[in-house]
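Subject: Structure handover

Hello,

Here is the structure you asked to look at. My notes on what was found in it follow below.

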Amino acid sequence: MFLTLIRRELLDNLMTFRFAAAVVIMLLLVVANTVVLIKDYEGRLADYNTAVKTHRQELLTYKTYSDGIYWLIFDRPPNPLSIFNAGLDKRLGNEIQVSHAFIPTIWDANKHAADNPYFNIFTSIDIVLIFQGVLSLLALIFAYDAIAGEYEHGTLRLVLSHPVRRGYILFAKYIGAMVCLLVPLLMSLLLALILLTTSAMISLNTDDFLRIGGIVLTSLIYLSLFYLIGMLISAITRRTSTALILSIFVWGFLVLVYPNMILTAVDTAPQTDTKPATYHQIKRMWKELERKRKQFLLNDSVPGEGLGLYIFRVFKDKPSALMYFYYAAGNLETINEKSEPQVPHAQNFFRFFGPLTVNTAERTWLIRKPAFEKIYVQPANRGRMLLKFSPAGLYDAATEAWAGTDFNSVQDFFIAAQRYRQAIINYFHDEKIFASRQWFSADQGAVDWDTLPQFSFQRSDIGINAKQALPDLFLLLTMNILLFIAIFLVFIKNEV
Amino acid sequence: MWHITKRELYNNLNSLRFALTTVLLLALMVTNAVRHIREHPKRVQKYHDAVTESINRLTSIADDSLYELARQGPGVLYKKPSPLHFCAAGGETLLPDRVDNWYDARRLWRLTYPDANINMMNVGPDVSQIDWTFIIGYVLSLIALLFTFDAISGEREHGTLRLMLANAIPRHTVLIGKFLGALISTTIPFMLAALVNLLMISSASEVHLNTEAWGRVGIIFFIVLLYTCLFLALGLLVSARVQRSAVSLVILLLTWVTFVVFMPSTLAALASGFSPSMSADEYWERYGQSDSKLRRTWQRSWYGADESELDEKTLRKIGEWHTKTVTSYERLQGGFLTFKIIQVQRARAITSISPAALLHHLLETFAGTGLDRHQQFVGNVQRYAREYREFIVDMDRGDPESPHIIGVRVGMSKKPVSPEAVPKFEDMLNIGKDFNTAAMELLLLTLFVVVLLAGAYLAFVRVEI
């Protein structure tokens, strides 16, 4: 009996116009956008490869440690799964400088290959956005007459006159419609995957396919949620026309209006008003370092940082990124006989000043970190939290976590950069590089940059992606179950 | 006809959709107004502070000497925030709000354009602001479809269409009656919400709308009406062609999703992928080339020389070099900016197939925000820069004792400059110029409406009952 019911539902749905329309529209939108997205990703990957190459070449032109440390620049590779959910992958900076004089963060990053940033005024579309908008709408279109339609036609009475449980009828309807809805979802996804694999530049590994699997699972639960919402409306209103109108309004509110409205009403923009004070605090620390430097030089028997040797200071002053630092550097090609006696003095100075610079950088980090937290991360998290009151927001957050384009995953790259900086500094300490001749002079040979520890960055494990996606997924699932119970209760109590 | 209109109106006013529409539009408009009242004074305050600072700076430089004015330039120039920001936010958060001014110890000032990567530091979620563009473009268009999808097919299903057409009413009268009924019943909630919104905004003491702004709001209302008509006509067309209302709604919804939600971005992305681009690397290469060319013409003997000891011929050469440097850098940078903006505008022109994108552009134009406005601002800045330089030359020419060598301290007038005489930058919104760019788009929108209405008429006339 149960199977008969499902078969009936399936046939009912498959032969309809809406099913054909759903398939066509999904294929059209997904394919058109996937082509664009793949092209965009390939462009970004090419830019990334050139950037890596140029940064490497640039670094090799520097001959001393102190001169080159400003040019240790690493690039964040684009995430191939940003095709599914772009998240923050495209927006945030993608090249970071690693220096001993500051701790690298997202907010210090630059952007390579931002050829025409004015294109940002167009909203970017990814596959998840299409699913989020269209799939939910399709689910409601399939659901609005599921129960109300049968009331109106009087077929419900007929079905219920058979010895069949009401729960079975609901379940059969649910399964039948979900199978139908799965067709456009899976077909469009399959086409997208085929397009992805035909691209020579995109290589997906097993983990990536598992992540895509996670996205599909989330999409499925999201789809089912909207189907159940539609069914509940259908069961309550009992009239198809009312159910249809109400469903569209609910869809408009949940998907279109709520996410934008809540973030318009609640201010989640970065809270920049505390910036100047923090910046001055940081600047004061560096001024303090300057005093210490002068103090040191006064006590030194030879005045100046290395009399006669060309020692310069590298400055960076960027209040908008709470950034102020400077350090001493030298890039001498040769040292003549006359200046030779000053070399030990210069070495002495750098032995003192190098670690002090590192120390100051670490002390400013204690201020910068909470400041960034407060200015950028907290409002952003508040915004994300509020978005999760809508299933569309939950879906977006979960798929972002699966794709690894959420804030935490992008942050991973910068944490790797921070770890790398620490490794470099440890290396400098171990090899006594601050006090070495090569720190400021290349007269006895240029620095071999390959001896430095190598920077490596791996996208986080799928386990971590899953861990971040699961809470949202679980919430979606709970909503599903609650809605199903609600529909069941309404349907049981309904009189036919 | 009025009878039909009235009947439609009563039908609609009593329906669930009318109530939901009113609530939804009111909520959106109130949110929009609250946001504007909260944010706009901050924007205006920021602008005024920046402008005052610029003027103070200019005054203190003018007190110094004409040479300093010629070297340090007018300072950072800011874009004036539009009072109609609530109508169309126009991606203002993604566009720079100023043009910078660069100079160093010896070289003269020149304009530099900050990058449009403003949003790079924001780690928050991506959302569009609720402005009128959103409310009208997405919500009102959807509502217009909801009011018309069953206008004809519904009557046919109930059999009332046969009844009505049995009377001696021409079919076009029926159609126009239905159209007007739907138009009025969608406009009522919108007008109500928009009036509440405008009332809130205009009664807030911090926000001031002048006559010109009200004029612009008037034009915006007209555009909204046209846009609503477009979707009503579309709804009627599909409703007349299709036998069942449910099918009609499915078609309409899917068309709506495609044309309104996805088309603008997809087309823009497609267009941006295929249009030729000058990459940033290429630009910097060109920059480097012209830089090294200019460096070659700079002579070693000038470097670090005491200007008062150089003869007049050399000074004149130095002056010429400075002027040439400024012009060539400004041309390069301005050219790159124009190139980028034109590229985006070309992509935008392609999106005009979508009525939502058309509405977007039109509202931005009349609200004085967005890319066109940014371009206008850059134009204003460039005009002002010319004016400023001419002022310096004129002031110098007015002094008979000066050797008239612009760009060299000893070659310029030493007479004090009155700070009031220095031209100040005032950013202006120009409505006449706006209308030129918008006329095409308005015509296109009207064309869409006419075509769809004609289509609906033909479909309804040929319909068999």
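I start with one helix pair in chain B. B:Trp132, B:Thr133, B:Ile136, B:Gly137 and B:Ser141, from helix α4(B), are in contact with B:Ala356, B:Leu359, B:His360 and B:Leu363, from helix α12(B). Sorted by class, this contact is made of 5 nonpolar and 4 polar residues, with no charged ones. Please keep in mind that the model is predicted.

How are these two helices arranged? The axes of α4(B) and α12(B), the latter covering residues 355-367, lie 10 Å apart, and the helices pack at an angle of about 155°. The cut-off for roughly antiparallel is an angle over 145 degrees. α4(B) and α12(B) are therefore roughly antiparallel to each other. Their crossing is right-handed.

Next, chain B as a whole. Its secondary structure consists of 14 helices and 3 strands. The C-alpha trace of chain B spans about 105 × 50 × 40 Å along its principal axes. The radius of gyration of chain B is 29 Å, whereas a compact globule of 465 residues would have one near 23 Å.

The 3 strands of chain B form an open sheet, in the order β1-β2-β3, with antiparallel pairing. Which strands stand at the edges? They are β1 (77-78) and β3 (110-112) of chain B; each has a single partner strand, so one side of each has no neighbour in the sheet. Strand β2(B), residues 98-102, runs antiparallel to β3(B) and is joined to it by 3 bridges. You can look for one residue pair here: B:Asp100 has B:Thr112 in β3(B) as its bridge partner.

Now the two chains together. How many residues of chain B are in contact with chain A? There are 55 of them, and they touch 60 residues of chain A. On the chain B side, the elements that give two or more residues are α2 (16-64), α4 (132-148), α9 (245-274) and α11 (312-350). Of these, α9(B) gives the largest share, with 18 residues. By class, the side of chain B that touches chain A has 35 nonpolar residues, 16 polar ones and 4 charged ones.

Last, chain A, where helix α9(A) packs with two other helices. α9(A) covers residues 240-265 and α12(A) covers residues 391-403; they pack at an angle of about 80°, with their axes 8 Å apart. That makes α9(A) roughly perpendicular to α12(A). In this contact A:Leu254, A:Val255 and A:Pro259 of α9(A) meet A:Pro391, A:Ala392 and A:Gly393 of α12(A). The contact has 5 nonpolar residues, 1 polar residue and no charged ones.

The other partner is α11(A), residues 343-387. Its axis is 9 Å from that of α9(A), and the packing angle is about 145°. The crossing of α9(A) and α11(A) is right-handed. A:Pro259, A:Ile262 and A:Leu263 in α9(A) meet A:Gly383, A:Leu386 and A:Leu387 in α11(A). Here too the residues divide into 5 nonpolar, 1 polar and no charged.

Regards

Notes: Residues numbered from 1 in each chain as written. Chains lettered and ligands numbered in written order. Predicted model: local features only at pLDDT ≥ 70, side-chain atom pairs only at ≥ 80, totals over all residues. Contact = placed C-beta atoms within 7 Å. Helix = DSSP H or I, 4+ residues; strand = E, 2+ residues; numbered from the N terminus. Nonpolar A, V, L, I, M, F, W, Y, C, P; charged D, E, K, R; others polar. Axes fitted to C-alpha atoms, helices over the stretch in contact; angles between N-to-C directions. Parallel < 35°, antiparallel > 145°, perpendicular 65-115°, else oblique. Left-handed = near helix turned anticlockwise from the far one by under 90°. Pairing = 2+ DSSP bridges. Rg over C-alpha atoms; globule rule 2.2 N^0.38 Å.
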